[in-house]
Amino acid sequence: MIITMLGKEQAFSAPATVQQIIKAMAPEYEKTALGCFCGGKALELNETVSDSCSLHPITFQNEEGRRIYERSLRFVLLLALHRVLPESDVRIEHSIGYGVYMRLLDRDADQQTVDALQAEMETIVRENLPFIRETWSREKAIEYFLKTGHEDKTRLLAYRPYDYFHMYLCGGIAEYFYGVMLPSTGYVSAFHLRLHGTGMVLQMPAPSDPQHPAPFVQRPKFLECFAQSNRWCDILNVMNASDLNDMTVRGELPQFIRVNEALHDQSIGDIAQGAFQRKAKAVFVAGPSSSGKTTFSNRLCIHLRVLGLKPVLVSLDDFYLNRDLLPLEADGKPDLEALSALDVPLLRDCLAGLLRGEQVMMPQFDFTVSRRKEKMYPLQLRDDQILVMEGIHGLNPALHEGFDPSLICKVYISELACLNLDHHNRIRTTDARLLRRIVRDHQFRATPPAGARKNGFFLIRSRRTSCSTQPCITSWPC
């Protein structure tokens, strides 16, 4: 078979493991590779290749590489918990910086417990235990998880449409993960477990330094938002995907939606009230790609109308430069997420005129042809009107720096739900946003799914929206 890697070709006798191929063709990746991409699919290092194909090494600089590392490290944590507190279980909830927040289900975490788990994890890494992949039937997996008391997994697997899938074994326990793993525990030596409130944070490396755990940064607003999400999950009686599945089977989903909408309306009403009380003339709404900025902004406008205001909704996307004027990435493709992709001077001129009560000519962007429409429209804010502007750069100081801060409110939103697949497998909010973006771009922006993936989405995942020091009117993180 012929293997292509990094522009080179080499013949191998089939089968050969991914690790053997990397050692022969790209020895510079031998110590840093965490897997390989093959036709968009991630392969494990000890996975065998039997046909000619093209491979590309996955490292910690790749999003998929960091996911492989996290899955394997989570298994080390679960094995350490099995050894130190065999009667306890943990719920892995959400990311926080370069770490993952989790809590014990039967007790509050304390420093003594965290220290014991950290020490046991270090022991497990030194033991370099293999992660053994086996193919199990669904019935066998359900029987195992029933025996070990993981009812959350048995309920979820009952809905799986597959009869067989991969389980991983290590140190006498078995787990089911949604993705590939590393060969052994010795690969995940860079981590730190720290106490955080009544829970714990498993800190992992940053992409810039894969050999050491990243420093922990306090993010109180971020955690406050997730705490609110957890309270909502308790109210809705839905913590895992199986809860949602059960609710759907029982025909209770309409009620779930109504209660969820009421909770959102309550929060949006509070934000509208804050803007009204400040007598703001403009509200900037920011958030990552496909976080719901447009939907949120429309609902905010409804609540502002309830207060007697007449909001005017404007998208920052209308200030995009024509495609031939957009800044380019290193690969020569347009960078749709850069601030310089917007006509910032025009935006500031329009905002200045609107805040002064003048009539300005507003642009409109046509995404089907990636150009600004020739015809502009007039806009002037009356005393009872308020401007709502939404876009990923809504909090960037370059847009509203120098204007009277009392006239501007800033809101950051994101899709930060605490719903899990099960206690040990979280649903990444970036994955949910990617699915939303694919649907939106297909329906409204003439962009196929492959284009949605290429046009900057994974840049957004690693890039933080610029934020000023002016406090937001909501408790959501910014």
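**Exercise 1.** Which residues line the largest cavity?

Solution. Keep in mind that this is a predicted model.
- Step one: search the whole structure, and two cavities of 30 Å³ or more turn up.
- Step two: pick the largest cavity, with a volume of about 50 Å³.
- Step three: read off its lining, which is Q19, I22, K23, E30, A33, L45 and Y187.
- Step four: sort that lining by class, and you get four nonpolar, one polar and two charged residues.

**Exercise 2.** Work out which helix gives the most to the lining of the second largest cavity.

Solution. 
- Step one: this cavity holds about 30 Å³ of space.
- Step two: list its lining, namely F145, K153, L156, L157, Y176, Y178, D422 and N425.
- Step three: helix α5, residues 151–157, gives the most, with three residues.
- Step four: by class, the lining splits into five nonpolar, one polar and two charged residues.

**Exercise 3.** Describe how helix α2 and helix α3 meet.

Solution. 
- Step one: find α2 at residues 63–84 and α3 at residues 111–127.
- Step two: their axes come within 9 Å and cross at roughly 115 degrees.
- Step three: check the handedness, and the crossing turns out to be right-handed.
- Step four: look at who makes the contact; from α2 the residues include L73, V76 and L77, and from α3 they include A116, L117 and E120.
- Step five: classify the contact, which has twelve nonpolar, one polar and three charged residues.

Definitions and conventions: Residues numbered from 1 in each chain as written. Predicted model: local features only at pLDDT ≥ 70, side-chain atom pairs only at ≥ 80, totals over all residues. Heavy atoms only, no water. 1 Å grid on protein atoms, 1.4 Å probe; cavity = no way out; pocket = protein on both sides within 12 Å on 5 of 7 lines; lining within 4 Å. Points joined across faces, edges and corners; volume = space filled by probe spheres on them. Nonpolar A, V, L, I, M, F, W, Y, C, P; charged D, E, K, R; others polar. Helix = DSSP H or I, 4+ residues; strand = E, 2+ residues; numbered from the N terminus. Axes fitted to C-alpha atoms, helices over the stretch in contact; angles between N-to-C directions. Left-handed = near helix turned anticlockwise from the far one by under 90°. Contact = heavy atoms within 4.5 Å.
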